[in-house]
Amino acid sequence: MSSKYMQIIEEVKGQLAIGKLYAGCKLPSVRHLSEQFSCSKNTVIRAYAELEQQHVIYAIPKSGYYVVNEYQPNEHAQKFIDFYSAGPDINALPYVDFQHCMNQAIEHYKEELFTYSDQQGLYSLRVQLASYLQSLQVFTQPERLVVVSGSQQALNLFVTMPFPNGRSNILIEQPSYFGIIESIALHQVTAFGIDLTMEGIDLERLEYIFRNHDIKFFYVIPRFHNPLGHCYTNSEKKKIVELAEKYDVYIVEDDFLGDLDPNMKADPMFSFAPSGRVIYIKSFSKVFLPGLRIATVVLPERMVNSFLRYKFSSDFNSPALSQGALEIYLKNGMFHSHLKKIKELYRNKMQILQEACDLLLPANTYFSKPTSGFYLSIFLPKNVTAKQIVHMLHEQQIYVDDASRMFLPEYKKDNILRLCISQVHESQIKHGIERLAHCIDSINSRKHPQAPKTFLHQNV
Ligand SMILES: Cc1ncc(COP(=O)(O)O)c(C=O)c1O
């Protein structure tokens, strides 16, 4: 009997794949299929129930079953090699678990989730978040947390809103996350850069900038930096926070991938000044579901009200349905087990990528070596630009990112590629790097002789 059940499911999916069934289309009646497959009506009803559960079809009482959407072929992803997309691995997204939480949230909160809600974020979620943040060594109270619509919203608000130090200039690492560079450009705010390599930043230079340039805040991505993959040591973080204290500069710490850190001893900057010098941001986009548009910020008490005014004027409140479901997902331990799984997954992919780079990239090409995270940067030889490689690989349906857009205009470098491992399939990594190495070789051989190895790039 179970084989008839499977046959019916396969038959419906097969018809969808060839376009015979399409969105809104009515399926054959239960009686019709039970005759066609010589099985009981009950078997057909069970097969349809399974397809409903998979969101392939839906039922209208007293009318019949209908198709939800067009066929979405899975093998599409295999046709190209994607080192470009920076969302989480779609095969590791916990749809079904999260669906339970969504249903529970609607059941539990009812209309509360579908009207305007607390502009600071659901209190019950903030309680869960405060408890989760402890695992990242961020100890704080729900009253200092604000739930935001993605960390990008918080960054954009920080760029524009006044800070208690009364200043307006911003300092960012170079390179840095493209989203903050866009906000700075759009709001025409004065920004300074400080060079970041895999060896960190020059702390004397940092002190000079803090002392002389009226800095409102220093935006830092302390772990698995985007795009370099760099992590600061605890003593560097401590020193940066001390300098910030000394010169009355705020630190905006974007710990977007902190949850993936295999080093359990790594502390966030927040832990060196928990009462207000460091503003801590935790996104759920990379380690969970970016479509939820949920992140949280931990603010100094004196900034909570002002931040809430700016946030209110931008969107009233963040999506309450996402908040209710995330609260349940955190509370019941599902997030914890999801994290365990993805920590392993991304670390493994990062290792495979580094082994391939080690083995295949030409001697005059260097790459960063993060222990986990999403991003790794490749530093091309002087005579090769990232733009050239992006173009050549694109023609072979291999996608990588040109990191030049991740610099402020005055600091731009055009020979860095960013590779992201989150959406590429493990089995494709080596082949992708082989093709990349081939592109570099072919430009190398048609232009200048290979540039000599320099010490400067050796450890990046
Ligand atoms: C370093 C960094 N911060 C923040 C964000 C924005 O994330 P969210 O989806 O939470 O707005 C990104 C997205 O790529 C990022 O790379």
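Which residues in H6 meet which residues in H7? In this predicted model, where local features need pLDDT of at least 70, side-chain atom pairs count only at pLDDT 80 or more, and totals for chains, interfaces and linings use all residues, Gln152, Leu155, Asn156 and Val159 in H6 meet Gly179, Ile180, Ser183 and Ile184 in H7, contact being heavy atoms within 4.5 Å. Residues are numbered from 1 along each chain as its sequence is written, and side-chain values use heavy atoms, with hydrogens and water left out.

The residues of this contact divide into four nonpolar, four polar and no charged (Ala, Val, Leu, Ile, Met, Phe, Trp, Tyr, Cys and Pro count as nonpolar, Asp, Glu, Lys and Arg as charged, and the others, Gly among them, as polar). The axes of helix H6 (residues 151-160) and helix H7 (residues 178-186) come within 9 Å and cross at roughly 35°; helices are DSSP runs of H or I with at least four residues, numbered from the N terminus, and axes are lines fitted to C-alpha atoms over the stretch in contact, with angles from 0 to 180 degrees between N-to-C directions.

Elsewhere, the second largest pocket has a volume of about 420 Å³ (on a 1 Å grid over the protein atoms alone, a pocket is an open set of points where a 1.4 Å probe fits, with protein on both sides within 12 Å along at least five of seven lines, and lining residues have an atom within 4 Å of a point; the volume is the space filled by probe spheres set on the points, which are joined across faces, edges and corners). Of the 21 residues that line this pocket, the closest to its centre are Ser135, Asp259, Met264, Leu339 and Lys343. H12 gives the most to the lining, with five residues. Because domain 2 (95-334) and domain 3 (336-458) both give residues to the lining, the pocket lies between them, the domain bounds coming from an automatic or database domain assignment.

Terms used: Helix = DSSP H or I, 4+ residues; strand = E, 2+ residues; numbered from the N terminus.
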